[in-house]
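Let's take a walk through a protein structure together.

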Amino acid sequence: MIIVLFGKPGAGKGTQAPLLASALDVPTLATGDVLRAARRAGTPLGREAQAYMDRGDLVPDSVILGILREELTQAQYKNGVILDGAVRTVPQAEGLKSMLASLGRHVDAVLALDIDNEEIVQRLSSRTVCENCQTPYTGRPVGGVCDKCGGALVRRKDDDPEAIRTRLRVYDDETAPVLRWYQTAGDKVVIVNGVGSVDDVTNRALRALGK
Ligand SMILES: [Zn+2]
């Protein structure tokens, strides 16, 4: 089963990806990790990607898809994979489709974890972090004291409500056309409500996937 995973920032994608992977008995594959590994290993495509990055350019989709393709031919992916970060644009969705077709495979489902934007703003803006040891806290005010080291709790710049709203807008603008593209192509697109306990969300996602 090949799943393309989308998650709104703050919707718990990082938590759910490994839980879904273990329930479905497939590995996760995060594009950023595979790209880094290919650069470190110095594979031909990894070196090509590195050259773009050294010039300060974006690595083209064709190079990234080539690196993903090499990775997916390995035995550990024979039962499927949860792809994280592989698709952000319609051309990338098209590229992934032909790359998988060249391996005789296809996307079985597109899974998007969704939460109401204001819920995410609430959730993330109630997060603070110790400015000293970086321990994260939820529901503790700015200026509170870290249990571990006595340091002061601060809000990360990224968790400022306006910064969160901007990130969510960017995500919505980028992702909506991609989900529409998959729907139009007749692929199974599952949008799962990410509100609730971690287990609830995992079970909801598995049910929606028919598992
Ligand atoms: Zn601390």
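We will start at the metal site and then move on to some charged pairs.

Keep in mind that this is a predicted model. Look for the zinc ion, which is coordinated by the SG atoms of C130, C133, C146 and C149 at 2.3 to 2.4 Å. Along the chain, these donors follow the spacing C-x2-C-x12-C-x2-C. C133 sits in the loop between β5 and β6, and C149 in the loop between β6 and β7, so this pair ties together parts that are 16 residues apart in sequence. Why is the arrangement around the zinc ion called tetrahedral? Because the 4 donor atoms subtend angles of 98 to 116 degrees. C133 is partly exposed, at 34% relative accessible area, and C149 is partly exposed at 34% as well.

Now for the charged pairs. Side chains of opposite charge can pair when their charged atoms come close. The structure holds 9 salt bridges. In one of them, D84 meets K13 at 2.4 Å, N to O. D84 belongs to strand β3 and K13 to helix α1, so the pair ties together parts 71 residues apart in sequence. D84 counts as buried at 17% relative accessibility, whereas K13 is partly exposed at 22%.

Next, find E118 and R165, whose side chains form a salt bridge at 3.1 Å, N to O. E118 lies in helix α6 and R165 in helix α7, so parts 47 residues apart in sequence are tied together. Together with E162, these two residues are linked in a network of salt bridges.

Finally, D159 forms a salt bridge with R127, with the closest N and O atoms 3.0 Å apart. D159 is in the loop between β7 and α7, while R127 is in strand β5, 32 residues apart. Is D159 buried or exposed? At 2% relative accessibility, D159 counts as buried, while R127 is partly exposed at 28%.

Terms used. Residues are numbered from 1 along each chain as its sequence is written. This is a predicted model: local features need pLDDT of at least 70, side-chain atom pairs count only at pLDDT 80 or more; totals for chains, interfaces and linings use all residues. Side-chain values use heavy atoms; hydrogens and water are left out. Donors are N, O and S atoms within 2.8 Å of the metal (3.2 Å for Na, K and Ca); water is not among the atoms, so sites may look incomplete. Four donors count as tetrahedral if all angles lie between 85 and 135 degrees; four count as square planar and six as octahedral if opposite donors are over 155 degrees apart and all others between 65 and 115; anything else is irregular. Helices (H or I, at least four residues) and strands (E, at least two) are DSSP runs, numbered from the N terminus. Buried means under 20% relative accessible area, exposed over 50%, partly exposed in between (1.4 Å probe, protein chains only). A salt bridge is a side-chain nitrogen of Lys or Arg within 4 Å of a carboxyl oxygen of Asp or Glu.
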